[in-house]
Amino acid sequence: MAPAYSRVRHNENVEEGSFQFPFGGDPEELLRGIREFAEQQSESVAAAQREQFATLTLNTAVELTAAALKQVNATGGPDEQAIALRDAMRVLFPEAVALVSAARQGFMREG
């Protein structure tokens, strides 16, 4: 059995410029629609990738901060422990903010 595309018969009596598009409608309009659809899909994928990057970066900032705080060996009474954790946060917070800022800038730049 011949493939479907070879079943289309060439009509030798068709005048030049009067080609009948087998799917109906204007071929240029169909191509324009396909291009628009492809562009929309590309934009959707890019937006999803930006959102995923931002989410992963934010999650990384949270996880790294939590892991670093777990490494703090705060001893003494509650006041001494609070001071030790605050000192650690003075170092960790700017790093976490830098990650969040990078995620935001990447998201804004791509958008």
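## Basis of the model

The model is predicted, with local features needing pLDDT of at least 70, side-chain atom pairs counting only at pLDDT 80 or more, and totals for chains, interfaces and linings using all residues. Residues are numbered from 1 along each chain as its sequence is written, and side-chain values use heavy atoms, with hydrogens and water left out.

## Confidence

The average pLDDT (the predictor's confidence in each residue, from 0 to 100) is 78 for the chain, and 73% of the residues score at least 70. Over residues 5–11 pLDDT stays under 50, and the model has two contacts beyond four places in sequence for this stretch, a contact being heavy atoms within 4.5 Å.

## Helices and contacts

The chain holds two helices and zero strands, these being DSSP runs numbered from the N terminus (H or I, at least four residues, for helices; E, at least two, for strands). Helix α1 covers residues 27–70, and its end C-alpha atoms lie 64 Å apart, in agreement with the 64 Å that its 44 residues should span at 1.5 Å a residue; the expected span is 1.5 Å times one less than the number of residues.

Among contacts with a separation of 6 or more, 61% join residues 24 or more positions apart.

## Burial

Of the chain's 111 residues, 9% count as buried, where buried means under 20% relative accessible area, exposed over 50%, and partly exposed in between (1.4 Å probe, protein chains only).
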